[in-house]
Amino acid sequence: MDQILSNIGLLFEFPIVNLKILIDGLMIGALFALAAYGLALVWGVMNVKNLAQGDFVICGGYVAWYLAGLGLPPLMGVPAAFIIMWGIGWVCYKVVISRVIERDLFTSLLATFGLAIMIAQILNLLFGSDTQSIKLEYATLYFGENDFIDVPIAKLIGVCMAAVLAIGVIIFMKRSRMGQAIRATAQDARAARVLGIDTEKVYAFTFSLNSAICGAAGAIIVMVWLIQPFYGITYAIRSFVIVTAAGLGNLPGVIAAGLGIGALEQYGAHIFGIGYQQAIAVLLLLLVLVIRLIQQRRKRQSLQ
Amino acid sequence: MTALKVILYIVLLAFTVAAPFLFPDFRTQLATLWLMIVVSLTWDMTGGQMGYNSLGNIFFYGTGMYVAAVISIGLVYDVAEYTSAAGGGMNDFTPVQYFTGVGLGMLGAGIFCALCALILGYILFGLRGPYFAIGTLGVAIAAGELVSNWEWVGGGQGITLPVYPADLDEGKLFFYFLFAGTGVILFIFLRWLYGTRFGAAINAIRDDEEKAEAMGIHTMRYKLVTWSMAGFFVGIVGAISAFQLISFEPLESAYQTINLGIFMVVCVLLGGKGTLWGPVIGAIVFHVFKEVTWNYLLGWQWVALGALIVVTVVYFQDGIMGWLAHRKPEWFGVRVEKNDATEGADR
């Protein structure tokens, strides 16, 4: 308890600590927002709640890490993970997801939970349960008094790549023929089918795209933080937090919620200690659910 | 028909009592089988009969373990000193202390978990469908993470309980009968409960909650009572598991979200949701499958488990009982008139 209070005191005594935490949190939050955007896409278009989301992220990270070990330049790992995870997502869609779309939501939730366990365990068998990361040979920028704030250039590059990817996806969704078809299917799948859109193809494309976005996010995460086969479920839960807080089809909301959760998690880890980081991610989920619940109760409705 | 059923039940009960003596080498496995049956039956209370699919019932299992451990230790020692000693030196329990600890621990765990279910349920039962599943999963994961940071109960190291004070083989028998007794009581209780007005009410909630509410059923009360009964029994088997395992830690053995927490769902789906016998049959099939194949898969067993979940959920969701009910409706007291409509519907 004393530790917690002194940690809080530190925040007020040295305001610059806040800035440091905030920068870290926003940078990690950008990647959460990316994975959450993929989840919102799949959720909105095909009404599948994908619990394997986090494991796609980790899987992409391992793809990049493995390729970097073979001698590929680390930054090339991001597009490589994007392409390879596209393929893996497509296989997952054809084998499992395509059969659960029409079923009730618990079915898709449980099926993707099974998928998540499988992916995590296969990664564990292939690469071992140690934490892995790619070390990048970039300098670190320093700001503030006594160079208190350190921003590794690698992290900046990661955030920029995340932003580029997000903008690319948004433009794709707005402008391209396929993007329009996806949005049409999300609005009304039956009407889209009547108007000649091959919804089966749209579903397969959407799920592969989601998996690829996650894979690219994972490839960035492995460059700037750590990955481990069993970290997946917390990324999935963070994605759920963000989407539940922001709502479907609300892109600015997803970005804001992603950045906010990144920052809140960093604050929590600072105040309560690093051991609570996973717990904080999950408790935020419960908090968001309860807040949404209270909002719905006012309208005499339930969250479903 | 009823006489036949009575004989069947007596034979099954006799087999339950005789099993550990017939297969003395498999006592621990048989005890685990009963654990699976109990958690599957309790999961089916909310998941199958009431339509609330929880992924977090493992929370009660882990909490039951910890409550039982704290009670049985607290009767004799100071808990903080005991856990910080981590089994070093402070492990003297007389048989009387041990058995009082087991008894009170089971009872306390059951009651505490039932109360937890009431409090959590009040918050979580506003969530429907997948949100309820994710919310309960969140509770289970969060509890595991918080307990592993709580030094008073041993933190990430967990707790080491005293061993059974007499012969170890006798101990295995003792735990078998604790599990089996809980299972038999639960089964009889549920058999009675599902036939009452209460059972009809929770089935109505599953079928259409709005209509049930409109018919004057206090749905929240029914949901809370059902979940707290489930929590009570899971807490009790959690407590028994704690004494059986002797030493346990929070993330892998107490709040084991991806092991037992998902096994119970798979067992119920495999056996058939919303039936009395489905969870029992599913648990037996699943446990036998797991024990037989586990040894030959060498590290790939978890992948096989994930695959089993996916296959069960995607291709075989009605489960064994659902499949039987479809093929042999007359076994379930459904009279089928042979006419064009049913023949056309016959798969």
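Chain B has a mean pLDDT of 84, and 93% of its residues reach 70 or more. This is a predicted model. For the complex, the predictor gives an ipTM of 0.80 and a pTM of 0.85.

**Fold of chain B**
- Chain B holds 16 helices and two strands.
- Its radius of gyration is 21 Å, close to the 20 Å from the globule rule for 347 residues, so chain B is as compact as a globular protein of that length.
- Along the principal axes, the C-alpha atoms of chain B fill a box of roughly 75 × 50 × 40 Å.
- Of the 347 residues in chain B, 48% count as buried.
- Take the contacts in chain B between residues at least 6 apart in sequence: 79% of them join residues at least 24 apart.

**Contact with chain A**
- Chain B gives 33 residues to the contact, and chain A gives 35 residues.
- Helix 6 (129-147), helix 12 (260-271) and helix 14 (301-315) of chain B each supply at least two residues of the side that touches chain A.
- Helix 6 of chain B brings the largest share of that side, twelve residues.
- Sorted by class, the side of chain B that touches chain A has 22 nonpolar, nine polar and two charged residues.

- In chain B, confidence is highest in helix 10 (residues 219-245), at a mean of 92.
- Confidence is lowest in helix 16 (residues 340-345) of chain B, at a mean of 47.
- Over residues 341-347 of chain B, pLDDT stays under 50, and the model has three contacts beyond four places in sequence for them.
- Where pLDDT is low, the predicted coordinates should not be read in detail.

Definitions and conventions:
Residues numbered from 1 in each chain as written. Chains lettered and ligands numbered in written order. Predicted model: local features only at pLDDT ≥ 70, side-chain atom pairs only at ≥ 80, totals over all residues. Helix = DSSP H or I, 4+ residues; strand = E, 2+ residues; numbered from the N terminus. Rg over C-alpha atoms; globule rule 2.2 N^0.38 Å. Buried ≥ 20, exposed ≤ 12 C-beta atoms within 10 Å, placed from the backbone. Contact = placed C-beta atoms within 7 Å. Nonpolar A, V, L, I, M, F, W, Y, C, P; charged D, E, K, R; others polar. pLDDT = per-residue confidence, 0-100.
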